[in-house]
Structures are given as C-alpha cells and as structure tokens.
Amino acid sequence: MGWSPQVWAALIGLAAGVLGSALKYALDRRAKAYEDLWSRRLEHYRGVWEASALFSRWPRQEPTLDNIRTLQTTLRTWYYGDGGMLMSAKARRRYEYVQKSLTAIDGTGPDQVGDDDYTEMMEIFSRLRSALTDDLESRRKGSILYTLLDLARDRRVHNDLDNRYQKVLTRHRPPKA
C-alpha cells in the first residue's frame, strides 16, 4: 500500500517549504550579523586610519621617535580595545607588520625618522589601510572573481610587507658577529 502521487507531492512541498524557511532565516541572520560587523568596523577603523596620518604620503610629516612610541601605544590600545577583534585575518597580519616595523625603528638612531624608514612605513601603513577598506568593501563590489584575485594579491602584498620590514630591521639592527 503506497502513498498516492498527491501525498508525495504534498510531502515534498512541505519539506521544500521548511527547508526554504530555514535557509531564509539563516541568510537573514547572517546578513544582520554582517551589517552589524560592518558598522562596528567603520566606527573603529576610523581611529587607526587617523593615526596612520603620521606617515602620510601628502604632505610628508616629520615624525620623531617619541611620535612612534605614542603611535605604538595608540595602536595597541585600539587593537586590544575593540579594533583587533573586528579585523579580518588579512588586516590583522598587516597590522602586525606596522607594529613590528615601528618597533624596529624605535630601536636606535637619530630622534627624527629617516627618509628611507618614512617611505617604508608610508607603504606599510598604506597596505594596512587597503586591508581595512577591503574589510569594509568601500572601494569595490564583492564578487567571487574579485575574492580569488584578492587571494593572489594578498600573497604578493605579504611578500612585499616582509621585504619592507626586513629593510627597516636591517637599518636598525646591527649584523650579528
């Protein structure tokens, strides 16, 4: 004794309705969470963006080692406040290069940051700001193709940041004897 085609159609329709409702609920929750994350990121990323002006391209600034120490403290406070937990993994990696490079410059040398260090820090901060705008999707539309291209670009930027950090480190750490 089998079920009639009408019963099967009704069961399939019911299952599809339940599945569709569950999927819609999950997508709506995810969209709301993303919207909340986006607005929180916007609020907190402003602070790091403003702090990065110490190494602006136009006009060039004249930071001192005291400015760098203050900047490191400002960034650390921001990171361990709410900023760090809102960052994507890519943005966090770039933030790490900022702090490591600032620490290398803060080591020894004249009170004024040299031109070579300034140029490296300007580019390192630029890469961090780019990652922040990627988190906010403020300079592009999201797409699968862009995401794939961004993965390759991120690898190149990681290598570039590592090279820039090594240049800063080499200028401020004497070679081992």
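Here's a short tour of this predicted model, one selection at a time.

**Stop 1: the core.** Start by selecting Phe55, Leu71, Leu75, Met87, Leu102 and Phe125. In the largest nonpolar core, which has 34 residues, these six touch the most other members. Now colour the helices: α1 (5–51), α2 (65–86), α3 (89–105), α4 (115–136) and α5 (144–172) each put in at least two residues of this core. The largest share, 9 residues, belongs to α4. In soluble globular proteins, nonpolar side chains tend to be buried together.

**Stop 2: Phe55.** Zoom in on Phe55 and show what's around it. Leaving out residues up to four places away in sequence, Phe55 touches Pro63, Ile68, Leu71, Leu102, Val113, Tyr118, Met121, Met122 and Phe125.

**Stop 3: helix α2.** Follow α2 along to Tyr80, where the helix bends by about 70°. Then pick out the buried residues of α2, among them Leu65, Gln72, Trp78, Tyr79 and Gly83.

**Stop 4: Gln99.** Hop over to α3 and click on Gln99. Is Gln99 buried or exposed? Gln99 counts as buried because its relative accessibility is 15%, and the cut-off for buried is under 20%. Apart from residues up to four places away in sequence, Gln99 touches Gln72, Leu75 and Arg76.

**Stop 5: a cavity.** Finally, select Lys90, Arg93, Arg94, Tyr97, Asp154, Val157, His158 and Leu161, which line the largest cavity. Colour the lining by type and you'll get 3 nonpolar, 1 polar and 4 charged residues.

Definitions and conventions. Residues are numbered from 1 along each chain as its sequence is written. This is a predicted model: local features need pLDDT of at least 70, side-chain atom pairs count only at pLDDT 80 or more; totals for chains, interfaces and linings use all residues. Side-chain values use heavy atoms; hydrogens and water are left out. A nonpolar core is a set of buried Ala, Val, Leu, Ile, Met, Phe, Trp, Tyr and Cys residues joined through side-chain atoms within 4.5 Å. Buried means under 20% relative accessible area, exposed over 50%, partly exposed in between (1.4 Å probe, protein chains only). Helices (H or I, at least four residues) and strands (E, at least two) are DSSP runs, numbered from the N terminus. Contact means heavy atoms within 4.5 Å. The bend at a residue is the angle between axes fitted to the seven residues ending there and the seven starting there. On a 1 Å grid over the protein atoms alone, a cavity is a set of points where a 1.4 Å probe fits but cannot get out, and a pocket is an open set with protein on both sides within 12 Å along at least five of seven lines; lining residues have an atom within 4 Å of a point. Ala, Val, Leu, Ile, Met, Phe, Trp, Tyr, Cys and Pro count as nonpolar, Asp, Glu, Lys and Arg as charged, and the others, Gly among them, as polar.
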